[in-house]
Amino acid sequence: MKPQDIRTLDLGIVDYREACLIQKRYVREVLSEDAVDYLLLLEHKPVITFGRVTDENNILDREYFSSLGYDIVRSERGGRITCHMPGQLVIYPILDLRRIKKDISYYIDLLEICVVRALERLGVKAYRIHGKRGVWTDLGKIAFIGVKGKSWVTCHGVAVNINNDTEPYKRINPCGVKGVRVTSARLMLARPVDMKRAKHVFSSVFRDVFTRERKESCHGIET
Amino acid sequence: MSLLARGRKVAMELKLEDISGQNDNVVITLWHVERGKMVSKGQDLLEISTDKATFDVSSPCDGVIDRIYKRPGDSVARDEAVAVIKETVQGGPAGSDV
């Protein structure tokens with residue numbers, strides 16, 4: 001099997017519910033034979049999202065979020081609670097894992113590795129911690145994972161704090177855990193990051209890693 | 001997500017493949033179908049979750065949900081059966097047991 005393209009689409013700032021519909025459209029496309037895979041880059045309008053296995057008690061200050069116009073959405077993705085807002089880079093790979101490896105844990109490992117490499121290229125030292133999902137820095141957690149899959153095609157993915165305010169994370173239990181410190185690339189570097197450059201770097205790293213994975217697995221695809 | 005099909009000619013015991021690392025706890029989040037319902041090949045049957053992911057599991061064949069072994073909230077081990085589908089044959093669902 002010949003590796004297919006991974007196309008990057010920059011969707012700009014998108015409402016979360018609309019982004020879910022957009023992803024479903026691309027999932028259907030990737031599910032069709034010989035379709036390309038996609039890498040969706042976007043920012044979300046302010047929203048708090050819940051995965052399947054958490055409850056709304058993890059919102060600690062509803063008035064705060066209400067005053068800032070946050071939407072609250074129960075999502076189909078995995079993981080627990082997080083928040084999104086402009087300035088945070090969201091990456092939704094729509095990938096057919098049959099072209100890579102049919103292993104959810106392996107896929108999440110790859111997402112984390114991509115984020116660590118991309119942040120390194122932006123000058124941010126970040127790392128993975130065994131037993132704790134997401135990407136971490138010495139100042140706290142900087143990236144959050146939540147994935148959905150259908151017939152081995154992925155959607156949703158990872159959110160990376162680039163220039164966004166991290167104050168909202170103090171008003172929730174991020175990922176359902178109390179007292180998690182949260183940071184951003186802007187805080188780590190003590191200066192704002194050019195979002196256009198950040199998108200380019202993340203896109204480049206994700207495409208490199210997943211294209212290589214597809215090439216390595218294309219000798220014998222399983223269905 | 002494909003399932004392994006084992007059993008006799010027209011009844012399938014549905015077992016999740018080795019879908020995730022051995023350290024991940026795989027839990028059934030919800031069933032999209034009930035016992036006795038007809039299903040089509042490719043139709044979503046159930047949703048499973050690990051710590052950071054949810055995946056829909058689809059039916060490997062046309063048939064009828066004959067048994068459901070695992071309920072929402074139950075963990076599923078590798079190669080553990082979650083349900084039985086009686087595969088549809090000409091003239092209607094087959095009647096043999098697993």
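What share of the contacts in chain B with a separation of 6 or more comes from residues 24 or more positions apart? The answer is 53%, where contact means heavy atoms within 4.5 Å.

This is a predicted model, in which local features need pLDDT of at least 70 and side-chain atom pairs count only at pLDDT 80 or more, while totals for chains, interfaces and linings use all residues. Residues are numbered from 1 along each chain as its sequence is written, chains are lettered from A and ligands numbered from 1 in the order in which they are written, and side-chain values use heavy atoms, without hydrogens and water.

**View 1. Strands of chain B.** Chain B contains nine strands and zero helices (DSSP runs, E of at least two residues for strands and H or I of at least four for helices, numbered from the N terminus). Of its 98 residues, 49% are buried (under 20% relative accessible area, with exposed over 50% and partly exposed in between; 1.4 Å probe, protein chains only).

**View 2. The largest nonpolar core.** This core has 61 residues, and A:F202, A:F206 and A:F210 have the most contacts inside it (a nonpolar core is a set of buried Ala, Val, Leu, Ile, Met, Phe, Trp, Tyr and Cys residues joined through side-chain atoms within 4.5 Å). Helix 3 of chain A (residues 104–121) gives the most to this core, with ten residues.

**View 3. Surroundings of A:E76.** A:E76 lies in the loop between strand 4 (71–74) and strand 5 (81–84) of chain A. Beyond its neighbours within four places in sequence, A:E76 contacts A:K24, A:R52, A:K148, B:E47 and B:T54.
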